[in-house]
Amino acid sequence: MDEEKRNGKRFHGAVMALIFMLTIFTWGQVLLFSRPTPKEPAVTPAAFPDIPAVVEKCMPSSVIFQVRKTVLSDPSDSDSEKMQVTEAASGIIWEEREDELLIVTNNHVVEGADSIRVRFSPEKAQGILLTAETLGRDQTADIAVVSIEKSQIPEEILPLVYPAVRGDATSVRVGQWAILIGNALGEGQNVSFGIVSAVNRYLNNGAFQQEVFTSDAAINNGNSGGMLLNQDGEVIGVTSSKSEKLGSEGMGYYVPIDTVTKTVAELLSQAGR
């Protein structure tokens with residue numbers, strides 16, 4: 001009888017121990033799976049830009065440059081024969097004033113120019129070259145401002161062109177869409193497309209450093225001074241140059257629009273405009 005009682009107590013103890021262990025296990029599972037799962041940052045899908053619409057809106061603000069310069073036939077020999085060359089480039093209609101249009105391009109486009117001629121983009125303006133005058137240049141920012149007298153512009157052309165809409169360089173984000181309009185290879189307005197690759201970069205130009213950001217939108221000869229746009233058709237940068245380092249590919253340098261705006265204001269002030 002005593003043995004049966006002892007066995008009963010042992011069995012009861014074993015059952016209670018089992019129940020205790022099952023209770024601990026169950027609560028452990030509850031605590032484990034009820035913990036909040038770390039969430040990844042939410043990513044809102046960005047709509048692919050309507051590139052044709054952006055181009056249609058912004059092309060009238062883009063211009064073509066034909067710049068005549070006198071250069072040495074052999075740049076390494078100061079005694080070599082001088083010759084004249086015509087260089088192609090791009091520009092942006094910046095501001096319309098009562099008697100003139102102000103155009104922004106690169107300093108290296110107009111530096112040393114004997115003459116500067118500009119053509120607008122509308123089809124009706126094809127073949128009409130207008131004389132431009134340099135108002136100011138900034139070597140560090142690689143920005144220049146030229147002026148075209150409105151008296152030169154045919155009445156039917158003037159309503160078809162207008163200043164570009166400027167964006168905000170501080171809102172430019174790595175990875176955002178970028179659309180480039182420029183006079184690629186001197187063959188007329190051309191469009192390329194990519195993303196902003198990097199911001200807050202500096203380009204070493206010998207005695208000074210130029211603040212830039214980069215994009216993989218294709219740059220060709222003739223694109224200097226072209227406009228880089230966001231998907232809303234706002235200018236976020238001005239084409240400056242592309243990397244020519246061995247092994248580099250798809251690396252274009254752009255002057256941020258805020259730098260351009262500040263530089264243009266300073267140049268116009270210095271010119272008394």
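## Strands E1 and E4

Strand E1 (residues 62-72) and strand E4 (residues 113-120) run antiparallel and are joined by seven bridges. Within this pair, valine 63 is found opposite phenylalanine 120 of E4. The model described here is a predicted one.

## The seven-stranded sheet

E1 and E4 belong to an open sheet of seven strands, paired antiparallel in the order E5-E4-E1-E2-E3-E7-E6. The edges are taken by strand E5 (130-131) and strand E6 (133-138); each has a single partner strand, so one side of each lacks a neighbour in the sheet. Helix H4 (residues 257-270) packs on this sheet and touches strand E2 (82-96), strand E3 (100-105), E6 and strand E7 (143-149). The direction of H4 makes about 60° with that of E7.

In the protein as a whole there are four helices and 13 strands. Of its 273 residues, 40% count as buried. Among contacts between residues at least 6 apart in sequence, 63% join residues at least 24 apart.

## Strand E7 and its partners

Six of the seven residues of E7 are buried, so this strand is largely enclosed by the rest of the structure. E7 pairs with E3 through six bridges, and the two run antiparallel. Isoleucine 103 has valine 146 of E7 as its bridge partner.

E7 also pairs with E6 in the antiparallel sense, over five bridges. Here the bridge partner of glycine 136 is valine 145 of E7. E6 and E7 form a hairpin with four residues between them, and aspartate 142 in the turn has a positive phi of about 60°.

Valine 145 has contacts beyond its neighbours within four places in sequence: Leu102, Ile103, Glu133, Thr134, Leu135, Gly136, Val264, Leu267 and Leu268.

## Nonpolar cores

The largest nonpolar core has 27 residues, of which Ile143, Val145, Met227, Leu229, Val235, Val260 and Val264 touch the most other members. Two or more residues come from each of helix H2 (51-58), E2, E3, E7, strand E8 (177-182), strand E11 (227-229), strand E12 (235-242) and H4. The most is given by H4, with five residues.

## Helix H4

H4 has 14 residues, which at 1.5 Å a residue should span 20 Å; its end C-alpha atoms are 20 Å apart, in agreement with that. Its buried residues are Ile257, Val260, Thr263, Val264, Leu267 and Leu268. These cover an arc of only 130° around the axis, which puts them on the same side of H4. On the other side, Lys262, Ser269 and Gln270 are exposed.

The buried residues of H4 pack against E2, E3, E6, E7, E12 and strand E13 (252-256). After H4 comes glycine 272, which has a positive phi, near 70°.

## Helix H2

In H2, the buried residues are Ile51, Val54, Val55 and Cys58. The arc they cover around the axis is only 95°, which puts them on the same side of H2. Pro52 and Glu56 are exposed on the other side of the helix. The elements covering the buried residues of H2 include E1, E8, strand E9 (190-204) and E11.

## Serine 151

Serine 151 lies in the loop between E7 and E8. This residue has a relative accessible area of 67%, and the cut-off for exposed is over 50%, so serine 151 is exposed.

Definitions and conventions: Residues are numbered from 1 along each chain as its sequence is written. This is a predicted model: local features need pLDDT of at least 70, side-chain atom pairs count only at pLDDT 80 or more; totals for chains, interfaces and linings use all residues. Side-chain values use heavy atoms; hydrogens and water are left out. Two strands pair if DSSP finds at least two bridges between them. Contact means heavy atoms within 4.5 Å. Axes are lines fitted to C-alpha atoms, for helices over the stretch in contact, and angles run from 0 to 180 degrees between N-to-C directions. A nonpolar core is a set of buried Ala, Val, Leu, Ile, Met, Phe, Trp, Tyr and Cys residues joined through side-chain atoms within 4.5 Å. Buried means under 20% relative accessible area, exposed over 50%, partly exposed in between (1.4 Å probe, protein chains only). The expected span of a helix is 1.5 Å times one less than its number of residues. The arc is that of the directions from the helix axis to the C-beta atoms.
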